[in-house]
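Please open the model in your viewer and keep the sequence panel beside it. This tour will tell you what to select at each stop and what is found there.

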Amino acid sequence: QVQLVESGGGLVQAGGSLRLSCAAFGRTFSNYAMGWVRQAPRKEREFVATISRRGGNTYYQDSVKGRFTISRDNARNTVYLQMNSLKPEDTAVYYCAADRSWSDAYVSTAVSEYNYWGQGTQVTVSS
């Protein structure tokens with residue numbers, strides 16, 4: 001079992017920045033590929049970004065490429081999402097998620113692949 005706790009959400013103006021953090025508790029953090037998934041009002045959850053268990057591989061949804069950066073610190077059992085140049089369409093609840101990984105290269109790009117989820121943190125971008 002892995003427990004995930006997000007923090008860092010809030011209200012920001014368009015063009016601003018936020019940094020989300022996700023602390024993991026329980027099983028060995030470095031055994032899991034990690035990801036960020038978001039859900040806007042009246043929409044389904046969508047993949048945002050993922051990082052492999054050692055941090056060597058990352059992958060992003062096209063709409064956030066060049067603006068968002070995912071990273072992890074395995075010594076601190078934490079994954080981050082740096083969000084720059086935020087747009088109103090980035091408004092959503094952002095969830096941290098973990099997927100058991102058997103390869104250093106593996107990244108998890110499908111929402112259905114994630115086994116463990118945090119409670120979510122709200123990000124609101126005003127225009």
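**First stop: a serine in a strand**

Select serine 21, which is buried because its relative accessible area is 19%, where buried means under 20% relative accessible area, exposed means over 50%, and partly exposed lies in between (1.4 Å probe, protein chains only). Before going further, note that this is a predicted model, in which local features need pLDDT of at least 70 and side-chain atom pairs count only at pLDDT 80 or more, while totals for chains, interfaces and linings use all residues. Residues are numbered from 1 along each chain as its sequence is written, and side-chain values use heavy atoms, with hydrogens and water left out.

Serine 21 belongs to strand β3; strands (E, at least two residues) and helices (H or I, at least four) are DSSP runs, numbered from the N terminus. Which residues is serine 21 in contact with, leaving aside its neighbours within four places in sequence? Contact means heavy atoms within 4.5 Å, and on that basis serine 21 is in contact with Val5, Glu6, Ser7, Trp36, Thr78, Val79 and Tyr80.

**Second stop: the sheet around β3**

Now select the strands β1, β3, β8 and β7, which in that order form an open sheet with antiparallel pairing; two strands pair if DSSP finds at least two bridges between them. Strands of a sheet pair through backbone hydrogen bonds, either parallel or antiparallel.

Looking at the pairs one by one, β1 and β3 (residues 18-26) are antiparallel over 6 bridges, and valine 2 has glycine 26 of β3 as its bridge partner. On to the next pair: β3 is joined to β8 (residues 78-83) by 6 bridges, again antiparallel, and here alanine 23 stands opposite threonine 78 in β8.

Select asparagine 77 in the loop between β7 and β8, a residue with a positive phi of about 55° although it is not a glycine. Asparagine 77 is partly exposed, since its relative accessible area is 29%.

Then move to arginine 42, in the loop between β4 (32-39) and β5 (46-51), which has a positive phi of about 65° although it is not a glycine. Is arginine 42 buried or exposed? At 82% relative accessibility, arginine 42 counts as exposed.

In soluble globular proteins, nonpolar side chains tend to be buried together. A nonpolar core is a set of buried Ala, Val, Leu, Ile, Met, Phe, Trp, Tyr and Cys residues joined through side-chain atoms within 4.5 Å, and the largest one here has 29 residues, those with the most contacts inside it being Met34, Trp36, Val79, Leu81, Met83 and Tyr94. The elements that give two or more residues to this core are β1, β3, β4, β5, β7, β8, β9 and β11 (121-126). If you select methionine 34 and leave out residues up to four places away in sequence, you will find that it touches a set of residues including Leu4, Phe29, Ile51, Val79, Cys96 and Tyr114.

**Last stop: the aromatic rings**

The structure holds 4 aromatic pairs, where rings of Phe, Tyr and Trp (its six-membered ring) pair if their centres lie within 6.5 Å, and planes under 30 degrees apart count as stacked, over 60 as edge-to-face and the rest as tilted. Select tyrosine 95 and tryptophan 117, whose ring centres are 6.3 Å apart with planes at 80°, so the pair is edge-to-face. This pair links distant parts of the chain, 22 residues apart, with tyrosine 95 in β9 (residues 92-100) and tryptophan 117 in β10 (residues 116-117). Tyrosine 114 and tryptophan 117 also form an edge-to-face pair, at 6.0 Å centre to centre and 70° between the planes. Together, Tyr95, Tyr114 and Trp117 form one aromatic cluster.
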